[in-house]
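Grab a pencil and work through these exercises with the structure open beside you. Try each task before you read its solution.

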Amino acid sequence: MSFLPLRSRALPDGETIFVNDSGRFFLGADGFVGRLIDGAETEGDRISLRAGGHLIEDADSLAFAAHRRAVARRIAPAAPLDYLILVPTLRCNLDCSYCQVSRVNIDRAGFDWSEETLAAVLATIDGLACDRLKIEFQGGEPTLRPDLLRAVMEKAERFAQRQFVICSNLQHIDDELLAIFDRPDVFISTSLDGDEVTHGRHRTKDAETTSAFFRNLRFIVDRYGPSKVSALPTINAATPPAADDLIDAYVAYGMDSIFLRPINYQGFARKRHKQAREQDEAWRSYYEGFIHRLIARNWADQDRVLEETYFSIGLRRIFQPGRERHVDLRNPNPMGYDYIVVDHDGAVYPTDEARMLARSGVIDLSIGTIEMGWDSEARELLNSHATNQFDPACMRCVYQPYCGRDPIDDLARYGRIDMPRHDTAFCRRHMHLFDLIFRLLYTDCEKVRYSLAQWLRLPSIPDSFGEVMA
Amino acid sequence: MIPLLLSAEAEADAPFVTRLRATGTSMHSADASLVESDALGATFAGKSGLFAIDGATADDLDGDVVLVRPQAGRVERLLRSGSPHNTLLVTERCDQLCVMCSQPPKKTHDDRFDLLEQACLLAEPDTLIGISGGEPTLYKDQLLGMVERVLTARPDLRFHILTNAQHFDADDISRLRASLYRQVSWGIPLYAAEPALHDEIVGKRGAFAQLEEGFAHLIMAGARVELRTVLVTPNHHALPDLARYVAARLQFVEAWSIMQLENIGFAKGRWSNLYVDHRADFRPIGMALTLATLHNVRAQLFNFPRCTVPADFRKYAIASISDWKRKFASACEACREQSQCSGFFEWHPDDHAETCVEPL
Ligand code: SF4
Ligand code: SF4
């Protein structure tokens, strides 16, 4: 008989969560934990462990095969390039205090794609071997250059499955832009920090600019329906809006997914918000309170399912690896392969954060240029540190099968990638997220279980989300 | 119901495979072209001589790949033109005896692999060809040989092979890893997570243990598997446990089909003992679907008319019944979901079908 390498972690309220390398888990109560430590498991314990795939007996070739396959499934393969984040211009008609992208004023010259850069982007699209394509236009404000958007879209016409996401501040909409928005393959992503006061505080500032944004958002939602638009709030952990106010702002526009991003200070934001380098305890309790508000509201109004995007990503990674593709949380986290960022000057970055770091002068993480290619030494170097598989802390962590790795975030915060894992904001954030998820998974409350089932897209509430060993 | 077996007369003595051409000129030396036809039948001529088919018009038969058996006076429509549902029966022998078997096995084996292989090679482009039995892997070497030769010559084709998966061994792993097996999926029945219950349903002691070995080999071969569970009274309440078992040990399957019973074969005589009225107690089925979905197993319901399934689970109920053996109740005319609905098997009792539908 042989045990699997089970890892364990005591949850804040006393029980112990056990996870094996394939990500299958169960909750052990004190009695079971004691028997396990003493090597005194009962035959009943063994039967349950075996059924759950946690105990593999030598003769059980199916258990071995299933386990090996499940472990392999946890390792994300790098797919061919099929996702481009394009920055056709760095110019912007707003000046948000936490601007992530180090924008430049609208009238500056030399911050748009050159003819050569455009040609190289189009040639890259021509050369793609995938059959589906996603393109996200970032900025700056990409709608300042509708001609470039159109040129790219026309080039991508050959992909039967294609999606264009235009990240816009929705300050200004005209007929030319509407003609682009009218395309069914175009989606709009914008920022929405809360009600008009909150939104205006860091972004639109004066009343007229603020109301122009809300007018345009309303217009877009009315014209196309809420599935056309998604929005992201940026939350200042020092002064977060009341959870319900934020939720109300989203619900008012028919949007059910809210991605609660803590501000990741980079670029200009780094200079203006020095005090908040780390997410602190306050942020975590705000986040938890927010999730509980979503749960309560989902229960009260079962006609809509509100969700926090990152919570759902974490939750689904526990049960459904590989079901969806998230470049935000995965392991390994291949950089510069399946998606790239092409900046206004043609430089290629592995992620948008990497682009911001370069712009703010912290470190140049470009891996090449769209003209000359990006199969570079810099890319190899980044990728050799883009996994949690061999990190000494992660190797002992129950959450490793679900967690990821983000060396760019480490560089942004600490200027190095070899921090002890537990001392990183990335680790603390994910430790907290998964602790929270597991506490909820083992909650008896029907309201909690209802939301979990909805977030997991289940047709009904399961008897249980995981086994308990008493 | 579309007849698959017709009576025929032929000049030749030995059985032969040919493709019927009612129009135009023959493209292939194995084609037979139309000589004359009327409302009752059609006469064709090919390299095996003249033959006449009764009971279908030249239009119906155009493009079909058929097996003509002169001695029996029969023609079998092996691959019907334009139909997505074509199944070749490779043997009627089986080493199980399932309580609900829709096609009770026979002791004798009539070896037709050569003829079936010829038929496959004549299939329309991109056809999915089903293979069933009996137990096809009782003749594993012939079966795999046929599949490999056909897919080498015709990489556009795909096979779906029903098997009890008890005849694979470790030596097959490297063979099944060949890339052409990406075109093959295996439909494998499993009725319960409890070995004794599974063995009882399939009428073979030790079947469960052997099946687990087979699954282990198929996982290691990277094989594509569709798991199949026929719903019968004995496993109805054991479905949630089976779902947990599938999640823990068989998460590799591409799909898990939970199938409502067919009123044919052994099930016909045992209907009242075996048939589960899922409208009366859907809970175990629903829980199985929920647990499977939770754990990333793509579950689906076969042969469940959509209106008989609770709305939250309706998306799992797919149009699973082959066109040639499917019927609808008269009220179904008015239903908006008929095109997504399985309907009923041709042999399903009419009085039941007529009374249980509620058009959506
Ligand atoms: S980063 Fe932290 S939470 Fe994530 S696997 Fe590593 S140790 Fe665990
Ligand atoms: S009414 Fe007929 S077609 Fe409609 S769901 Fe019921 S069985 Fe299917």
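**Exercise 1.** Find where B:N296 sits in this predicted model, and decide whether B:N296 is buried or exposed.

*Solution.* Step 1: go to chain B and look in the loop between α11 (283-294) and β14; that's the place of B:N296. Step 2: check the backbone, where phi of B:N296 is near 70°, a positive value in a residue other than glycine. Most residues other than glycine have a negative phi. Step 3: the relative accessible area of B:N296 is 17%. Buried means under 20%, so B:N296 is buried.

**Exercise 2.** Describe the open sheet of chain B: how many strands form it, and in which order?

*Solution.* Step 1: seven strands line up as β8-β9-β10-β11-β12-β13-β14, with parallel pairing. Step 2: look at the edges, β8 (86-89) and β14 (299-302) of chain B, each of which pairs on one side only. Step 3: on average, neighbouring strands of this sheet are turned by 25° against each other, direction ignored. Step 4: zoom in on one pair. Strand β12 (residues 224-230) and strand β13 (residues 255-259) of chain B run parallel and are joined by five bridges. B:T229, for instance, has B:I258 in β13(B) as its bridge partner.

**Exercise 3.** Where are the cis peptide bonds that involve A:P332 and B:G134?

*Solution.* Step 1: recall that most peptide bonds are trans. Step 2: in chain A, the bond from A:N331 to A:P332 is cis, with omega near -10°. A:P332 lies in the loop between α12 (309-319) and β17 (339-342). Step 3: in chain B, a cis bond joins B:G133 and B:G134, and here omega is about 15°. B:G134 belongs to the loop between β9 (128-132) and α3 (140-153).

**Exercise 4.** Sort the shell around ligand 2 by class: how many residues are nonpolar, polar and charged?

*Solution.* Step 1: pick out the surrounding residues, among them B:R306, B:F328, B:Q338 and B:L360. Step 2: count by class, and you get nine nonpolar, one polar and one charged.

Conventions: Residues are numbered from 1 along each chain as its sequence is written. Chains are lettered from A and ligands numbered from 1 in the order in which they are written. This is a predicted model: local features need pLDDT of at least 70, side-chain atom pairs count only at pLDDT 80 or more; totals for chains, interfaces and linings use all residues. Side-chain values use heavy atoms; hydrogens and water are left out. A residue is near a molecule or strand if one of its heavy atoms lies within 4 Å of it. Ala, Val, Leu, Ile, Met, Phe, Trp, Tyr, Cys and Pro count as nonpolar, Asp, Glu, Lys and Arg as charged, and the others, Gly among them, as polar. Two strands pair if DSSP finds at least two bridges between them. Helices (H or I, at least four residues) and strands (E, at least two) are DSSP runs, numbered from the N terminus. Axes are lines fitted to C-alpha atoms, for helices over the stretch in contact, and angles run from 0 to 180 degrees between N-to-C directions. Buried means under 20% relative accessible area, exposed over 50%, partly exposed in between (1.4 Å probe, protein chains only).
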